[in-house]
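Trainee: I have the next entry open and would like to go through it with you. Could we begin with the surface and then turn to the fold?
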Amino acid sequence: MLTTLNTSYTDTRAADLAWALGREPLPALAVLDLELADTRLQLRLLGASHQVLLEEERGSCSETVACIAGSSTPLPLGVAKRVGDWEYEFAARVEVLSPGSFAGRAQELLALVSDHPHGLVGVFPGSPYAFTALLAQHHEGQVRWRTWHAYPQDGQLVATRTKVGVRVPAAVSVG
């Protein structure tokens, strides 16, 4: 799903992004509700980037990557945590691209996500390549999502990957 966001950038540089786990839902400019297997997933575009809310019978989890006022947690390269009965894994990277490469990559991502039934992309006013995109899937018992945050003025593309799956208990030996 493609939407134009009626707001200006509030996180205007990749370095402004912060990561948080477990935050309450923040006001969203666009939302996509999904049912993936027995998991409810909500992809949310914020004025300050994105939030994903996951809910199933075992509990809930929220991930926020955005410009968060007062946050002291910058965007990490990687995180692995236990969240209730789940294993949560997050990874992020910043790509710096030339203007031509950036435009090509942006067009590719916009086409991929906007036409996907589990994709949500919001384009910010002022540049067709200023966007935040989210794409979710259920694969081998895990819920996964990828996001892209585009900063055309700096030629930067922030890409994240998240996996959430049920923690497998350690084997118990019977003697």
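Predicted model: local features only at pLDDT ≥ 70, side-chain atom pairs only at ≥ 80, totals over all residues.

Trainee: How many positive and negative side chains does the chain have?

Mentor: There are 14 positive and 18 negative side chains. The centres of the two sets lie 5 Å apart.

Trainee: Turning to the fold, how many strands are in the chain?

Mentor: The chain has 12 strands, together with one helix. From the N terminus, the order of elements is β-β-β-β-β-β-β-β-α-β-β-β-β. The radius of gyration is 17 Å, close to the 16 Å that the globule rule gives for 175 residues, so the chain is as compact as a globular protein of that length.

Trainee: And what box do the C-alpha atoms fill?

Mentor: Taken along the principal axes, the box is roughly 65 × 35 × 30 Å. Of the 175 residues, 46% count as buried. Among contacts with a separation of 6 or more, 57% are between residues 24 or more positions apart.

Trainee: Let us look at strand 4. Is it mostly covered or mostly uncovered?

Mentor: Strand 4, residues 39-46, is mostly covered, with seven of its eight residues buried.

Trainee: Which sense does its pairing with strand 3 take?

Mentor: Strand 3, residues 30-36, pairs with strand 4 in the antiparallel sense over seven bridges. Within this pairing, Glu 35 has Arg 40 of strand 4 as its bridge partner. The hairpin of these two strands has two residues between them, and Ala 37 takes a positive phi near 60 degrees there.

Trainee: What about strand 5: how many bridges join it to strand 4?

Mentor: Seven bridges join strand 4 to strand 5, residues 49-56, and the two run antiparallel. Leu 46 stands opposite Ser 49 of strand 5, and the hairpin connecting the strands passes through two residues.

Trainee: A change of topic: where does Thr 132 lie?

Mentor: Thr 132 lies in strand 10, which spans residues 131-139.

Trainee: Why does Thr 132 count as buried?

Mentor: Thr 132 counts as buried because its relative accessible area is 2%, and the cut-off is under 20%.

Trainee: Which residues is it in contact with, leaving aside neighbours within four places in sequence?

Mentor: Thr 132 is in contact with Leu 45, Ser 49, His 50, Leu 120, Val 121, Gly 122, Phe 124, Trp 148 and His 149.

Key:
Residues numbered from 1 in each chain as written. Heavy atoms only, no water. Helix = DSSP H or I, 4+ residues; strand = E, 2+ residues; numbered from the N terminus. Rg over C-alpha atoms; globule rule 2.2 N^0.38 Å. Buried < 20%, exposed > 50% of the residue type's maximum accessible area, 1.4 Å probe, protein only. Contact = heavy atoms within 4.5 Å. Lys, Arg positive; Asp, Glu negative; His and termini not counted. Charge placed at Lys NZ, Arg CZ, Asp CG, Glu CD. Pairing = 2+ DSSP bridges.
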